[in-house]
Amino acid sequence: MSEAQQSSTIYENVVEFVENYLSLVYRRRVSDVSDMVWCPEWWQHAEAVARLDALWRAWEYFRLDGAAGISVWFLDHADPHMFELLDRHGPFTYCSVHGGHQDMLAPLPLKSPPPYLFGDPAVADHETGSDSARVTIYRDVVEFVEDYLSLVYRRRVSDVSDLVWCPQWWMHAEAVVRLNALWRAWELYRLHPATGLSIWFLDHADTHMTRLIDQRGPFEYCGTEKGHQGALPVDDGA
Ligand SMILES: [Zn+2]
Ligand SMILES: [Zn+2]
């Protein structure tokens, strides 16, 4: 970011934005008796940092639109991000205002796929990218899931929860298609610094992940402890 761009933001960084704006404006009953949770050490959560940083950047962008800007920011960005963050099954699930930060939410457990499953086409795609549009941060969907998504998008997906996750997600065609699309969308939206990652989270990641970890979704028979149990059968209409 150039100096001109830096001085054009009201807040210097996401911490200033959360401390001096968001926490004052967005007050909710997040004490222990409520079904909404908040972690005073939100910056310990990669997902909260990613979302709130995106929310800050979107605010700096929308405030320049003196007409409907802040209304759009509230409805299309702040509300859905805060809904996810404050949800008691969300990233702060083990934390609370009184108990403080609890470092208990593990990354989504993963087993790596055999290399032949995702090997050559993705690598070729990556390495032949001479035009800038083809240059990606992650080599393929596996690297994206292992090095980004599973670390950022942590949820309580143990077998006692009503959220399910399969460590061998790559055995499920639906998960492969969704997560591959999610990776490609991330590579596109990251190029838009003002609102890109906020939109990626809300319009792509949240929707896909909600479908995937739903207990009646594609991982219905699988679990983090019992592992992959086979994909749902295809109904052949017989
Ligand atoms: Zn916490
Ligand atoms: Zn499975």
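Colleague: Which residues of α3 are buried in this predicted model?

Modeller: Let's count neighbours: a residue is buried if 20 or more other C-beta atoms lie within 10 Å of its own. In α3, the residues that pass are E47, A48, A50, R51, L52, A54, L55, W56, R57, A58, W59 and F62.

Colleague: How many of the 17 residues of α3 is that?

Modeller: Helix α3 takes in residues 46-62. It's mostly covered, and the buried count is twelve of its 17 residues.

Colleague: Are α3 and α4 roughly parallel or antiparallel?

Modeller: Their axes come within 9 Å and cross at roughly 175°. Angles over 145 degrees count as roughly antiparallel. So the word for α3 and α4 is roughly antiparallel.

Colleague: Which residues of α4 make the contact with α3?

Modeller: On the α3 side you'll find A48, R51, L55, A58, W59 and F62. Sorted by type, the residues of this contact are ten nonpolar, three polar and one charged. Over on α4, the partners are G69, I70, V72, W73, H77, A78, H81 and L85.

Colleague: What percentage of the protein chain's residues count as buried?

Modeller: Now step back from α3, which is mostly covered. The protein chain has 238 residues, and the share that counts as buried is 29%.

Notes: Residues numbered from 1 in each chain as written. Chains lettered and ligands numbered in written order. Predicted model: local features only at pLDDT ≥ 70, side-chain atom pairs only at ≥ 80, totals over all residues. Helix = DSSP H or I, 4+ residues; strand = E, 2+ residues; numbered from the N terminus. Expected span 1.5 Å × (residues − 1). Axes fitted to C-alpha atoms, helices over the stretch in contact; angles between N-to-C directions. Parallel < 35°, antiparallel > 145°, perpendicular 65-115°, else oblique. Contact = placed C-beta atoms within 7 Å. Nonpolar A, V, L, I, M, F, W, Y, C, P; charged D, E, K, R; others polar.
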